[in-house]
Amino acid sequence: MSIQENLLEIKATLPEHVTLVAVSKTKPVADLMEAYNAGQRIFGENKIQEMTEKWEQMPKDIQWHMIGHVQSNKVKYMIPYVKLIHGVDSFKLLKEINRLAAKWRKKIDCLLQIHIAEEETKFGLNEQELAEILNSEELKTFENIRIVGLMGMATFTEDQGQIKREFQHLKSIFDRYRRDAINRVSTENVDIKIISMGMSGDYQLAIECGSTMVRIGSSIFGGRK
């Protein structure tokens, strides 16, 4: 099947409240344009340099999402155009995004990445670190970022039960902070409404567990060549 056919087939299965991020890392601009011409406007990349090169070449109504691990010294390259940064896994990184966004007089949306997998190689905050960030007085002074949700990646395993438990764990954290936000006066830069979990191999299970944003690459564009 073509990229267009894959994309339309997946979109037909997604509930209305679920946002599709087409993960286009390593794919040529021609492939992205095929998805763009089929109506896709949100693309996810995991390397800032590659994303920047594609942004320069492609239509400007695209929303670019940074879905990979972010190094603080590379943030400056994507600030002019990035819409959502998925993998914010430290207060230091959040502070740097806010500092650079202020220079551009922009407000950047961010997801806090939570470590839910059993694999040590996965990045992310633990629950104590998450609480420390969201309860920080300094966070209230960050006028150029907006924390709009949480993101997590499940363990790479065939065990569907384990993946489900990890997704449910992230959903329970998400629900708790959503309730807290409703019960207290939210700060202007925290509005937790997105839960980003699920990729090509497990996005349907992620949606069953409450995901509102899925990151799908190989099921749209095919495997890496």
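Predicted model: local features only at pLDDT ≥ 70, side-chain atom pairs only at ≥ 80, totals over all residues.

Me: Which residues have the most contacts inside the largest nonpolar core?
Reply: Ile97 and Ile147. That core has 65 residues.

Me: Which helix gives the most to this core?
Reply: Helix α7, residues 160-183, with six residues.

Me: What does the second, separate core include?
Reply: Val21, Ile42, Leu84 and Met151 are among its eight residues.

Me: Back to Leu134. Where does leucine 134 lie?
Reply: In helix α6, which covers residues 127-134. Leucine 134 has a relative accessible area of 9%, so it is buried.

Me: What does leucine 134 touch, not counting residues up to four places away?
Reply: Leu112, Leu139, Ile147, Tyr177, Val190 and Ile192.

Me: And how far apart are leucine 134 and isoleucine 48 in space?
Reply: 26 Å, C-alpha to C-alpha. In sequence they are 86 residues apart.

Me: Strands now. How many bridges join β2 to β3?
Reply: Four, and the two strands run parallel. β2 is residues 42-45 and β3 is residues 63-66. Isoleucine 42 has glutamine 63 as its bridge partner in β3.

Me: What do β2, helix α3 and β3 make together?
Reply: A right-handed β-α-β unit, with α3 spanning residues 48-57.

Me: How many bridges join β3 to β4?
Reply: Two, again with the strands running parallel. β4 is residues 84-88. Methionine 66 has isoleucine 85 as its partner in β4.

Me: And β4 to β5, how many there?
Reply: Three bridges, parallel. Leucine 84 is partnered by aspartate 109 in β5. With helix α5, residues 91-103, β4 and β5 make a right-handed β-α-β unit.

Me: What pairs with β5 through seven bridges?
Reply: Strand β6, residues 145-152, running parallel to β5. Isoleucine 108 has isoleucine 145 as its bridge partner in β6.

Me: Why is β5 largely enclosed by the rest of the structure?
Reply: Because seven of the seven residues in β5, residues 108-114, are buried. Both faces are covered. Ile108, Cys110, Leu112 and Ile114 are on one side. Asp109, Leu111 and Gln113 are on the other.

Me: Is cysteine 110 buried or exposed? And cysteine 209, buried or exposed?
Reply: Cysteine 110 is buried, at a relative accessible area of 0%. Cysteine 209 has 10% relative accessibility, so it counts as buried too.

Me: Last one. Where is serine 196 found?
Reply: In strand β7, residues 190-196. Serine 196 has 0% relative accessibility, so it counts as buried.

Me: What joins the side chains of serine 196 and arginine 215?
Reply: A polar contact of 2.7 Å.

Me: What else is serine 196 in contact with, leaving aside neighbours within four places in sequence?
Reply: Besides Arg215, the contacts of serine 196 are His86, Leu111, Leu150, Met151, Gly152, Leu170, Ser211 and Met213.

Notes:
Residues numbered from 1 in each chain as written. Heavy atoms only, no water. Buried < 20%, exposed > 50% of the residue type's maximum accessible area, 1.4 Å probe, protein only. Pairing = 2+ DSSP bridges. Right-handed = clockwise from strand over helix to strand, strands pointing away. Core = buried A, V, L, I, M, F, W, Y, C linked by side-chain atoms within 4.5 Å. Contact = heavy atoms within 4.5 Å. Polar contact = N/O pair within 3.5 Å; in protein donor to acceptor, adjacent residues only side chain to side chain.
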